[in-house]
Amino acid sequence: MNLLRTGLLAMALMSLVTSCQKDEGVAPETANYTIDLNLAQETDWQMANEILVLVNEHRASIGLSAIAKDQQYASAYAVDHTQYMIDLKKISHDNFGIRSQALKQRGAEVVAENVAFGYATAEAVVTAWLHSDGHKGIIEGNYTHSGFGIMKSPEGTYYFTQLFYRK
């Protein structure tokens, strides 16, 4: 019984600290889609590169092509959203429609995102995403590019936004 409760608690906790969103059914929002590309430089690129390697290793293990790193628009939008989540002190997909529409204006056909917080390593966050059907579905989806917003809060907690899109 204790193992069952522990497992259920772990699953509940994981669902509280990770989330995913696809642009299917998301109504376009009216917005200004300009972004400061310098924001992309604020991501933790060491962790982002480790996450991309793990995601691409998983994709290769099931016969999928690798995803390319986008260090411009997708990462600038991802950093902007990560900063927003840090300010709120919680994860969210607020304004996902804006990020999706902005990337579509730059040639993306479809956009999705995974978000998380509280994981200390690339392995930990990717493992959590792969143990969640929704996140795993995005990681295994028909995407060609990915942008990253990975930052520590002032309290030292990592927050993650990974945007996926297909061109």
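Visitor: What should I know before I start?
Guide: This is a predicted model, in which local features need pLDDT of at least 70 and side-chain atom pairs count only at pLDDT 80 or more, while totals for chains, interfaces and linings use all residues. Residues are numbered from 1 along each chain as its sequence is written, and side-chain values use heavy atoms, with hydrogens and water left out.

Visitor: OK, how many helices and strands does the protein have?
Guide: The secondary structure comes to six helices and five strands, where helices (H or I, at least four residues) and strands (E, at least two) are DSSP runs, numbered from the N terminus. Read from the N terminus on, the elements run α-β-α-β-α-α-β-α-α-β-β.

Visitor: And what share of the residues is buried?
Guide: Of the 167 residues of the protein, 44% count as buried; buried means under 20% relative accessible area, exposed means over 50%, and partly exposed is in between, with a 1.4 Å probe and protein chains only.

Visitor: Why is strand E5 described as largely enclosed?
Guide: Strand E5 covers residues 158-166, and eight of its nine residues are buried, so the rest of the structure largely encloses it.

Visitor: Which strands pair with E5?
Guide: Strand E3 (residues 110-117) pairs with E5 in the antiparallel sense over eight bridges, and strand E4 (residues 145-152) also pairs with E5 in the antiparallel sense over eight bridges. Two strands count as paired if DSSP finds at least two bridges between them.

Visitor: What about the turn between E4 and E5?
Guide: The hairpin of E4 and E5 has five residues between the strands, and within this hairpin Gly-156 takes a positive phi near 95°.

Visitor: Is E3 mostly covered or mostly open?
Guide: Strand E3 is mostly covered, since seven of its eight residues are buried. Val-115 is found in this strand and counts as buried at 0% relative accessibility. The C-alpha atoms of Val-115 and Val-125, which are ten residues apart along the chain, are separated by 9.4 Å.

Visitor: Switching to helices, how do H2 and H5 cross?
Guide: Two packed helices are described by the angle between their axes and the distance between the axes. The axes of helix H2 (residues 45-61) and helix H5 (residues 122-130) come within 9 Å and cross at roughly 40°, which makes H2 oblique to H5. Axes are lines fitted to C-alpha atoms, for helices over the stretch in contact, and angles run from 0 to 180 degrees between N-to-C directions. Angles under 35 degrees count as roughly parallel, over 145 as roughly antiparallel, 65 to 115 as roughly perpendicular, and the rest as oblique.

Visitor: Which residues of H2 and H5 meet?
Guide: From H2, Met-47, Glu-50, Ile-51, Leu-54, Val-55 and His-58 meet Ala-122, Glu-123, Val-125, Val-126, Trp-129 and Leu-130 in H5, where contact means heavy atoms within 4.5 Å. The residues of this contact of H2 with H5 divide into nine nonpolar, one polar and two charged. Here Ala, Val, Leu, Ile, Met, Phe, Trp, Tyr, Cys and Pro count as nonpolar, Asp, Glu, Lys and Arg as charged, and the others, Gly among them, as polar.

Visitor: And how do H3 and H4 lie to each other?
Guide: The axes of H3 and H4 come within 10 Å and cross at roughly 170°, and the two helices are therefore roughly antiparallel to each other. Tyr-73, Ala-74, Tyr-77 and His-81 in H3 meet Arg-99, Ala-102 and Leu-103 in H4, and the residues of this contact divide into five nonpolar, one polar and one charged.
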